[in-house]
Structure formats: structure tokens, C-alpha cells
Protein chains: 2
Amino acid sequence: METEISSLGEFGLIDRLTAELPKLNDSTIKSVGDDAAVIRYESKRDVLVSTDMLLEGIHFDLTYVPLKHLGYKAAVVNFSDIYAMNGTPRQLVVGLGVSTRFTVEHLEELYAGLRLACEVYGVDLVGGDTTASRAGLVISATVIGDVEEGKAVHRSGAKPTDLICVSGDLGAAYMGLQLLEREKAASAGQKDFVPDFSGKEYLVERQLKPEARRDIIKELADAGITPTSMIDVSDGLSSELMHLCKASKTGCRVYEDRIPIDYQTAVMAEELNMNLVTAAMNGGEDYELLFTVPLTAHEAVSQLKGVRVIGHMSPEDQGCALIGRNGEELPLKAQGFTHL
Amino acid sequence: METEISSLGEFGLIDRLTAELPKLNDSTIKSVGDDAAVIRYESKRDVLVSTDMLLEGIHFDLTYVPLKHLGYKAAVVNFSDIYAMNGTPRQLVVGLGVSTRFTVEHLEELYAGLRLACEVYGVDLVGGDTTASRAGLVISATVIGDVEEGKAVHRSGAKPTDLICVSGDLGAAYMGLQLLEREKAASAGQKDFVPDFSGKEYLVERQLKPEARRDIIKELADAGITPTSMIDVSDGLSSELMHLCKASKTGCRVYEDRIPIDYQTAVMAEELNMNLVTAAMNGGEDYELLFTVPLTAHEAVSQLKGVRVIGHMSPEDQGCALIGRNGEELPLKAQGFTHL
């Protein structure tokens, strides 16, 4: 089935893509179908807003990224920003730019991913903008969430003695990308190429279908731990540590042997002859939570499932460093985008 | 001065573009520089959210659109959506995709326009996402606003006897686009071409520097008039009328001789041998407010400056029609985008 978008027109397309959207939050008063969505939070709630843009050829390659996964990821990376503020994502608006090579069915696949992510995380898709593009697929998602008044956790609250914690493991999404790129290169010119992901399924999943760590926010709340600062790991641990330190006016020491790395990530790094620690520190797209807690929370945080203490903050003048296995100090470097 | 973006890096660029942003709203608690912006509205306020995407080659042509104007317009078209809900825009987040041909100075120009629009309309620029693009310039803006709880004006509240009103005049932005395109074509291959806009300045201004009708929202409030339905005219009067009618389950009758058209628009239509009414009905990008009021508000609304009654709603089964100067009925057609 291939339905040309022009056969539906803009408004027909929007009607089809947004048909029968569920309403998961009481705060969603008016969803798709007006000039703006209307949201009504309970009193004593702060509103959180974050936005992310994904561009074809920069953030994703449709050769190996299924559209449904892409939709899922576009939503989840936004939700992750709200969790990183200690909040709950509630509403999502999505801007789409689509070129003529996309059919209605393609966009339905993309929306299936957006809808699934919204269902899984309890978020309402409340609006958007769909437009033509001369430049491949453009996805811009903005998430709105809430948090108890004054309870947002910022990047700036860490003290020089705080412990640094990270959830899950790092570097796997980056290794997944290397693997997908390798298989893409291997497939060039071959008709019935079957990519080989055996034993590396976790890496592919981390790249194609990341999850936001809602569970960690719940664990922290259940344990009565409020992080002093928090950020999600999108650009790589190294960058994010430097963001926390800059905002909190601290330095930091993280220990190489404490960085959580999955077995598959290590195997892949060896296969590709890449430095494993570099991949874990700078790979990015992990969407894990990096946060700090007071020293007094050491025991409590040590008991959390899927959280590891990887180091500690330090006075600002000591700078930011990774301590190697032999005690050597390596200054951290921020990455950010390298496309420009 | 031409500074390559790569010389600053992502974080340096963001720091430079967002330096010294003013805080114009008490509701802005935490602006740029965290995973999400934090907003705290007074109690008994509803939150409004709207998003718009502008893509190079589709929505704008940098041959004749200055970047500062583009930034201004990207913000204002979003503000317009909030006014169209009877609300007040308060915060803006902006996603930017930029290709390597843009310099830091280019982006500063764009931001100067965004900042100016925010200053003029009292909105805080609280966040964004800046990324590389392979596809020219991509601007995605999402605005957050507020309105007294339950006082948002939707598209759906019109009754079959309501009067239809529109602010300002229509078709000028579309004619401005035709003029700019004509001068662009005329300039092809010429070195020192000077475009001729004399006597048509209003058309160029309507296209390049539209304004949102905050003044009309204030006038309505001051006069104690609450529209029963409202929408802003972005895709053309015809489309917007059909949106109101569809959402309100009504038909409508608008009168050709009541459509407000500026003298320059009429002159330009004649020069180009285009149908003036078609331009006014379908041109789009007017960013005027189209709204309905009860019949009982006829006198009050007639006294508003810059507002004209152009027709009335009707029972749904009568459909949507334009009544020509000789009394003939022309069914309305929705436009929407025609790029796909």
C-alpha cells in the first residue's frame, strides 16, 4: 500500500495520523485540532518544557533505522530530558517536515512509534505541525511535563563533596551505531544481504530503541533520595559531567574502573579496535541519568538497582578528570556536536 | 566578520546566542541551560502550547528574506496561535538546524530577530536545541502561553447565527511574496540589481515582518466581548473559515464585498493579472484573527478598530460559501499545503 500524501492533503493527513489518540492525563484539556493545546496542571506544580530536533542524514539514517523506531526514539529522548529534571512528561507536540518520497504509510509507521512511546510513558500527543520538506525527514519534538513546585532538580545544585552516580551502562548505543554502520557498508551493492547482529542485539537495541529512565526517578523517590543535580546522558558522560560541574561550580573525579560498561560493548570495542573507555565517556545517546547525591546518601544510593557511584565532585579549581586504572589523571573533554 | 560555527563548538555557540537573555515574565523560573525550562504559572491558569516549523526552500527563500526578519517571523507566527486561543504567549523554545554555510554571525542575526520579537511581545526565550543540518536552515519554534482557567477560545464554539469577524486586511502577505519572487526573477544574472518595491512597501512588510494581533485580543477584552470561536489566518481565510465551521458544526456565509483588502494588494493583483478575491481568500500568512461573536455583540464589535464583520455562520447543512457581489454563491475550498 502506498498512498501519496498529496491525495489526502494537509488536513486529511493530520486527521488520519492523529485519529483516536488516547487521553492518558487528566491535565490534557484540549488536544490536537486547535491553534494550541490546552493543559491544566493541578496547583502547586511547575511546568517543564524541553525540545529536540532530529534531522535525516545527521541524527538518523533511514537505511537501517525503521521509521517506527525513529518515532519511538524521537519521543523518548525528549521524555528523558523531563526525567532528568525529576519531573514527569505529560504532553508532546511534534513538528514533521516530510519530502515527497514519503508516503502516508511511512508517516503512519513513524506515528506508530510516537504513539507507542507515548503509551508506554503515559504521555499525550497533543499537537504538532506537518509540512513539506525539500531536505528529507525533519522531526522536532517538544515535551511538556510537570513536577511538584520547587522540586525540579537542576544541573547546578551539586556540592564539591557530592557523590556522582550514573544509571545503567554507557557506550552501548554508540557501539550499536558503529555496528549498524559496518553492516550498512558491508551490504553495499549486495542484493539479499542479511546483517549479522548475533550476540550484539543489546547494542542494536540501545541505538535503535533507547528508553528513558523513569524507573530510576521512581527508585530515587521511593528511597527518599533527592539528587542535588541531574542531567541525562545524551552527548556522552564526559560532556554531561562538565555541564554539571560548570553549572554547580565544582570539579569532579570519576574513576575509570567504576564506569559501567556492558559485556557486548566491550566485545564490540575490541572487534573494532576502538578504545572502550573513550566510547563509554564520549559515545553519547545512552539516555542514562547522571546525578549527584550528598555523601550522607552513600549507603542508600548504593542499594539502588541499576545505579553505580562512579566518582565524586571536587572543588572547582581541581578541574574535571577521569582517574585511570593506574591512578593517572586525564582531563575531561566536552564533545557536543561535531557535524558543523 | 565570519566566524565558523565549528570554532565555537555546540556549547560555545549556544552560550553566545543565548547570552544575557532578559527575563520578562515572573512565570519564567529557569531559562536556557538545563535539560528543561521551568515555568510556574499562577494558579487558575491554563497552559497553552503550539508549535510551528519553518523550512528553507519551502517556507522561506534566503535570497530575499533577511535572517533577522526570519527569526522575527518564526517567533511571531507562534505567538499568533496563542492569541488565537485568547491567551498570552509567555515562553518560547527554538530548535535550529543549520548547515555549514551558516556562520556564527548569521545565527546571531536570526537570534536578533527572535529576541526582538520576544521583547516586543513580552515573551521569554527559555530553551532550544541547535544542531547540524544537511538540508539548509530548519527552524522549529514552540510557544507556551497561559490563559485564565477555562477561558481559552476554541475553534468549536460558534453557533449557526454568530457573526464572523476578521481583523486587519487579507491577501497582502501573499502579494508581497509574489512581488519578492518577481524581483528575484528580474535580478537573475544581474550584478547590481536593485529591487523596486516603491508604493508596495506594505506588501513586503506583511510578508517579511508579520505581526500577531495582540492588540485585537486586548480590544476584545476591553470591550467585554468574548469570541465564541477563533483562529488565526495562516493558510488563508477560506481554509480557516472551514476549520471553524467543521469544529463548530456550522456552515457559513461570507460576503465578497466585506473582505478587507488593502489598496496596495489590489494594485498588485491588477499588475499581476491575478484574481484579487482568490488572493485574499487563499493567500495565507496574514496572521489576522478570524473569530465569531453572538449576534447580540453586533454593535460592540462594529465599534472595534481594525475589525470587520464579513458574514455569519449558518446551519451546517448549508455548507460554506462566499457570496459574490452579484449574490452568487461560491463554495469555499480549503487549501492547506500544496508542496507535497
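**Figure 1. Residues at the contact between chain A and chain B.** In this predicted model, chain A brings 69 residues to the contact and chain B brings 68 residues. Together the two chains bury about 5600 Å². Carbon and sulfur atoms account for 62% of that area. The size of an interface is often given in this way, as the accessible area lost when the parts come together.

**Figure 2. The axis relating chain A and chain B.** Chain A is superposed on chain B by a rotation of 180 degrees, with 0.0 Å of shift along the axis and an RMSD of 0.0 Å. This is the relation of a two-fold axis. Within chain A, Ala135(A) has the C-alpha nearest the axis, at 2.4 Å from it. Both copies use the same surface, since 99% of the contact residues of chain A recur in chain B.

**Figure 3. Polar and charged pairs across the interface.** Between chain A and chain B there are 8 salt bridges. One of them joins the side chains of Asp15(A) and Lys246(B), with N to O at 3.0 Å. Residue pairs in polar contact between chain A and chain B number 22, counting pairs with both residues at pLDDT 80 or more. On the side of chain A that touches chain B, strand S3 (residues 45-55) of chain A gives the most, with 9 residues. That side of chain A consists of 29 nonpolar, 24 polar and 16 charged residues.

**Figure 4. Strand pairing between the chains.** Strand S3 of chain A pairs with strand S2 (residues 37-39) of chain B. The pairing is antiparallel and runs over 3 bridges. Opposite Val47(A) stands Ile39(B), a residue of S2(B).

**Figure 5. A salt bridge within chain A.** Over all chains, the structure holds 42 salt bridges. Among them is the pair Arg213(A) and Glu288(A), whose closest N and O atoms are 2.8 Å apart. Arg213(A) is in the loop between helix H5 (201-208) and helix H6 (214-222) of chain A. Glu288(A) is in the loop between helix H9 (276-282) and strand S10 (289-293) of chain A. The pair therefore ties together parts that are 75 residues apart in sequence.

Terms used. Residues numbered from 1 in each chain as written. Chains lettered and ligands numbered in written order. Predicted model: local features only at pLDDT ≥ 70, side-chain atom pairs only at ≥ 80, totals over all residues. Heavy atoms only, no water. Least-squares fit on C-alpha atoms with pLDDT ≥ 70 in both. Contact = heavy atoms within 4.5 Å. Buried area = accessible area lost by both parts, 1.4 Å probe. Salt bridge = Lys/Arg side-chain N within 4 Å of Asp/Glu carboxyl O. Polar contact = N/O pair within 3.5 Å; in protein donor to acceptor, adjacent residues only side chain to side chain. Helix = DSSP H or I, 4+ residues; strand = E, 2+ residues; numbered from the N terminus. Nonpolar A, V, L, I, M, F, W, Y, C, P; charged D, E, K, R; others polar. Pairing = 2+ DSSP bridges.
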